[in-house]
Amino acid sequence: MSKRHSAKYKIDRRLGVNLWGRAKSPLNKREYGPGQHGQRRKKPSDYGVQLMAKQKLKGYYGNISEKQFRKYYAEAVRRKGDTSENLIGILERRLDAVLYRMKFVPTVFASRQVVNHGHVRVNGKRVNIASYMIKEGDVVSIRDKSKDMALIVEASTSSERDVPDYLEVDAKELKGTFIRTPKLADVPYPVQMEPNLVVEFYSR
């Protein structure tokens, strides 16, 4: 797993979007890419557009490795129904994504760290794998001893994001239930995600 905590805003600038919709993003001041050639305008090819869609989706979920992302795509293809919708459903079931959506952490990178350090329970049992797949009806909670962590208190009381309706959250108890697997339209992305282009990228 790559450690990208300090580099998350580089991802924003490289992709040219405020990927997480955060007020601190440097893209709010500089709408061009990093480096000396960052201000050059380039018209991307079809391949470039598909690649950008993949990088946006991968980056949003904490810069998932290519190997893992390809595995999620293969799983999405294997399942019945629309592959692009399946892919979103799989990504939203990751424990770090669920924790972020429940507003128990400020960023998906912080979510991964909180999970890895053993601060999270799933159905009362400690889970320290960020990619753990949450099932419908699973209860995710913060360990009692970790509820006073500044990071968690700040995130849970922040008005920066809303909790989507496919989750049921008790903000006081820092506990939430994963009600259903969402569709693309249900997920509150701050930028437009195009999983259909990701499917095209991998099926070339």
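A residue is called buried when its relative accessible area is under 20%, exposed when it is over 50%, and partly exposed in between, using a 1.4 Å probe and protein chains only. By this criterion, the buried residues of helix 6 are Val 108, Phe 109, Ala 110, Ser 111, Arg 112, Val 114 and Val 115. Because 7 of the 9 residues of helix 6 (residues 108-116) are buried, this helix is largely enclosed by the rest of the structure. Just after helix 6, Gly 118 adopts a positive phi of about 80°.

The structure is a predicted model, in which local features need pLDDT of at least 70 and side-chain atom pairs count only at pLDDT 80 or more, while totals for chains, interfaces and linings use all residues. Residues are numbered from 1 along each chain as its sequence is written, and side-chain values use heavy atoms, with hydrogens and water left out.

The chain contains 8 helices and 5 strands. Helices (H or I, at least four residues) and strands (E, at least two) are DSSP runs, numbered from the N terminus. Along the sequence, their order is α-α-α-α-α-α-β-β-β-α-β-β-α. Of the 204 residues, 48% count as buried. The chain exposes about 11300 Å², of which carbon and sulfur atoms supply 47%; such areas come from the Shrake-Rupley method with a 1.4 Å probe, and for residues only the protein chains shown count as cover. Among contacts (heavy atoms within 4.5 Å) with a separation of 6 or more, 60% join residues 24 or more positions apart.

Helix 8 is mostly covered, with 6 of its 8 residues buried: Pro 195, Leu 197, Val 198, Val 199, Phe 201 and Tyr 202. These buried residues pack against helix 2, helix 3 (66-78) and helix 4.

Two packed helices are described by the angle between their axes and the distance between the axes. The axes of helix 4 (residues 83-92) and helix 8 (residues 195-202) come within 8 Å and cross at roughly 105°. Helix 4 and helix 8 are therefore roughly perpendicular to each other. Axes here are lines fitted to C-alpha atoms, for helices over the stretch in contact, and angles run from 0 to 180 degrees between N-to-C directions; under 35 degrees counts as roughly parallel, over 145 as roughly antiparallel, 65 to 115 as roughly perpendicular and the rest as oblique. Thr 83, Ser 84, Leu 87 and Ile 88 of helix 4 meet Pro 195, Asn 196, Val 198 and Val 199 of helix 8.

Helix 2 (residues 46-60) has 15 residues and should span 21 Å at 1.5 Å a residue, which agrees with the 21 Å between its end C-alpha atoms; the expected span is 1.5 Å times one less than the number of residues. Its buried residues include Gly 48, Ala 53, Leu 57 and Tyr 60. After helix 2 comes Gly 62, with a positive phi near 90°. In the loop between helix 2 and helix 3 lies Asn 63, which is buried at a relative accessible area of 13%. Most residues other than glycine have a negative phi. Asn 63, however, has a positive phi near 55°.

Val 127 lies in the loop between strand 2 (125-126) and strand 3 (139-142) and is buried at 10% relative accessibility. Not counting residues up to four places away in sequence, Val 127 touches Leu 95, Val 115, Val 120, Val 122 and Tyr 132.
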